[in-house]
Every structure is written in structure tokens, then in C-alpha cells.
Amino acid sequence: LLEELGISKDDNPELPLVGMVTRLAEQKGIDLLMLKLEEYLANSQLRFILLGSGESKYVDYFNYLKWKYPKLALINVGYKNDLSHKIFAGADYLLVPSRFEPCGLTQMYALSYGTVPIVRMTGGLADTVKEYNMATADGYGFLFWQYNADDLAFAIRRALTVYNNEPHWDIIRKNAMQCNYSSSNTALEYLKVFKWATEKMRNQ
């Protein structure tokens with residue numbers, strides 16, 4: 001993925017790659033990124049890849065980052081289906097800092113590839129992402145509750161700590177790939193509910 005986007009072996013390819021595939025809209029938490037993302041790029045703490053389109057003020061911001069940090073901010077305005085899947089598969093983290101998110105699918109796509117989600121604890125994101133606990137090696141993502149930039153930054157810092165700890169980095173990715181949010185699994189859960197309801201009616 002990095003080679004396709006012009007990053008060579010001399011451009012520090014070992015930096016953690018944080019990806020986003022999203023609409024550029026207030027709902028998606030872009031305003032939080034505008035307060036914190038450049039700090040990480042300026043200090044070469046991560047590489048950021050975006051695929052999305054939307055409001056012009058957000059497009060302008062990301063194009064500014066692309067201009068100032070051409071090897072760290074890999075900005076793709078628009079939508080390309082093949083690139084979206086490469087980001088889900090090739091990034092180390094998927095960032096979804098949404099203000100609200102009734103369902104959310106991108107974090108589930110990412111988990112199947114072992115790409116670790118960093119998300120706000122809201123709606124479907126809260127239902128499908130479990131905070132990683134370094135003490136128990138349980139969980140497969142990083143969450144923040146309050147909708148503010150400092151809480152987002154704290155979640156990113158926790159994520160980067162795990163990235164730089166090889167045993168935990170291996171564990172969290174394996175945990176992610178063991179998640180099963182397929183429709184067949186959901187159907188089985190519905191069958192359990194129907195069975196429970198039927199038995200309850202029979203016993204009344």
C-alpha cells in the first residue's frame with residue numbers, strides 16, 4: 001500500500017499507519033482531528049492515510065496536510081473501492097472518531113484484516129469494539145467516550161503504546177481477526193432469541 005502511494009524504504013515505512021475511509025462531515029469527527037492530527041505528523045509519530053470526500057473546509061484541511069507533510073499525510077479525495085479495501089487491510093489502525101454512528105461497518109471490515117480500530121464509544125462502534133487491556137491481553141481496539149480532542153488523543157496514545165510493544169501488538173491483531181460479525185453469526189443469535197421466546201410461551 002505504501003509503495004503504491006509513493007512511499008519508499010527511505011521514507012521510514014515502519015511508522016504506524018493510521019487510516020480513515022469516510023465522508024468528510026461533522027458527524028464523522030473531522031473537527032476533532034483538525035485539533036490534534038498535525039501534532040502527530042509534525043513529530044513523525046505516525047503516518048496518516050485518508051480516502052474520502054465531503055465538505056470543502058475539511059477537504060482544504062487535509063490537502064493542507066498533504067502539502068506540508070507529503071510523506072506522512074497520504075490524502076486521497078474521492079472514492080475508490082479498491083483503495084478502500086487496501087486501507088482496511090494495509091493500515092495498522094482504522095480511525096472512526098464519529099460524533100454519532102448508528103451502525104458503522106468500516107470498523108468490522110478492519111477487524112477481519114487485523115487492523116485495530118480507534119473509535120468513539122457511541123452507537124454501533126461501542127457495540128462492536130472492545131478496549132484492549134494490556135494486563136489481561138483481552139480486547140481488540142481503543143475507545144474514547146467524551147466527544148473532545150483530548151480524549152481522542154489519549155486513545156491514540158494508548159494505541160501507539162501497544163504498537164511499540166511487539167508481544168501485545170501481535171496479540172491485539174489476533175484478537176481482532178477472531179471477531180465474527182458476519183450475517184450468519186447474527187442469524188444464529190436471532191435464532192437463539194426466537195427459541196427462547198417460543199419456549200417461554202409454551203411454559204406460560
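Asp150 and Lys36 form a salt bridge through their side chains, with an N to O distance of 3.0 Å. Asp150 belongs to helix 6 (residues 149-163) and Lys36 to helix 1 (residues 30-42), so the pair ties together parts that are 114 residues apart in sequence. Asp150 is exposed, at 51% relative accessible area. The model is predicted, and its salt bridges come to 10.

**Other salt bridges**

- Lys71 and Asp11 also pair through their side chains, at 3.7 Å from N to O. This pair links distant parts of the chain, 60 residues apart: Lys71 sits in the loop between helix 2 (56-68) and strand 3 (73-77), and Asp11 in the segment before strand 1 (17-24).
- Lys71 is partly exposed at 38% relative accessibility, whereas Asp11 is buried at 18%.
- Asp170 and Arg173 meet in a salt bridge at 2.8 Å, N to O. Both lie in helix 7 (residues 166-177), 3 residues apart, which means that about one helical turn separates them.
- Asp170 is partly exposed at 31% relative accessibility, and Arg173 is partly exposed at 28%.
- A network of salt bridges links Glu26, Asp31 and Arg99.

**Asp92, a buried charge without a salt bridge**

- Asp92 is in the loop between helix 3 (81-90) and strand 4 (93-96).
- Asp92 is buried and has no salt bridge. Its nearest side chain of opposite charge, Arg173, is 5.6 Å away, and a salt bridge requires the atoms to be within 4 Å.
- A polar atom of the Asp92 side chain lies 2.8 Å from the backbone nitrogen of Leu17.
- Leaving aside residues up to four places away in sequence, Asp92 touches Leu15, Pro16, Leu17, Thr115, Val116, Tyr163 and Trp169.

Note on methods
Residues numbered from 1 in each chain as written. Predicted model: local features only at pLDDT ≥ 70, side-chain atom pairs only at ≥ 80, totals over all residues. Heavy atoms only, no water. Helix = DSSP H or I, 4+ residues; strand = E, 2+ residues; numbered from the N terminus. Buried < 20%, exposed > 50% of the residue type's maximum accessible area, 1.4 Å probe, protein only. Lys, Arg positive; Asp, Glu negative; His and termini not counted. Polar contact = N/O pair within 3.5 Å; in protein donor to acceptor, adjacent residues only side chain to side chain. Contact = heavy atoms within 4.5 Å.
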